[in-house]
Amino acid sequence: MMTPKHPSESLTVLTDLVLPSETNHLNNLFGGELLARMDRAASIAAQRHSRNICVTASVNHVAFTKAIPLGSVVTVEAKVSRSFNSSMEIYIDVWIEDRSSGNKTKTMEAIYTFVAVDATGKPVEVPPIVPQTELEQQRYDAALRRKQLSLVLAGKMKPSEATELKALFIGE
């Protein structure tokens, strides 16, 4: 059994400016540029948790809720919300900072899945996660439901076996 870790141990914070070469015709950050920044932050968080090489397995959820204008200070915060055998769900929050007041506004969130691998690309076991805060616990619990839904949709799990997912609808 591997020693459990806390989500805070994987916390990765990347802060950067939005430059003209990174914007679209409306002078807002390209979505693809933000996805790349999130992928880098999530990769570091996964590596911090597993202490192995980690590869992006999927981008499970991205919700662009607010444009990020040219000149903005953007902060990407990523940390492991749950780990499974060799995979880890990374929850990402993106914030912009008002240059005048310093106030931060959440602009989006995303969920990525990474897999830890050895030097030959073979998946390796990762430590379990022990949430510490109420938000970490909520994200941890929801991660299992998201995984079960993904497995059911991919035909890798029978709906009757998705106990956590079923509990949402039948109240078990």
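Visitor: Which element gives the largest share of the lining of the largest pocket?
Guide: In this predicted model, that share comes from helix H2, with seven residues. A pocket here is an open set of points on a 1 Å grid over the protein atoms alone, where a 1.4 Å probe fits and protein lies on both sides within 12 Å along at least five of seven lines, and lining residues have an atom within 4 Å of a point. Helices (H or I, at least four residues) and strands (E, at least two) are DSSP runs, numbered from the N terminus.

Visitor: And how many residues line that largest pocket?
Guide: The lining of the largest pocket has 17 residues, and those nearest its centre are Asn60, Thr113, Arg146, Lys147 and Ser150. The elements that each give two or more residues to this lining are S2, S4 and helix H2, which runs over 134–153.

Visitor: What should I know about how the model is handled?
Guide: It is predicted, so local features need pLDDT of at least 70 and side-chain atom pairs count only at 80 or more, whereas totals for chains, interfaces and linings use all residues. Residues are numbered from 1 along each chain as its sequence is written, and side-chain values use heavy atoms, with hydrogens and water left out.

Visitor: Changing topic, which residues of H1 are buried?
Guide: Among them are Leu34, Met38, Ala42 and His49, where buried means under 20% relative accessible area, exposed over 50% and partly exposed in between (1.4 Å probe, protein chains only). The cover over the buried residues of H1 includes S1, S2, strand S3 (73–83), strand S4 (87–97) and strand S5 (104–117).

Visitor: Is serine 43, in that helix, buried or exposed?
Guide: Serine 43, which sits in helix H1, counts as buried because its relative accessible area is 15%.

Visitor: What does serine 43 touch, apart from its neighbours in sequence?
Guide: Once the neighbours within four places in sequence are set aside, serine 43 is in contact (heavy atoms within 4.5 Å) with Cys54 and Phe114. Threonine 56 is 13 residues away from serine 43 along the chain, yet their C-alpha atoms are separated by 7.3 Å.

Visitor: What follows H1?
Guide: Arginine 51 follows H1 and has a positive phi, near 60°, and its place is in the loop between H1 and strand S2 (53–64). Arginine 51 counts as exposed because its relative accessible area is 63%.

Visitor: Where does asparagine 27 lie?
Guide: Asparagine 27 lies in the loop between strand S1 (12–17) and helix H1 (31–50), and with a relative accessible area of 42% this residue is partly exposed.
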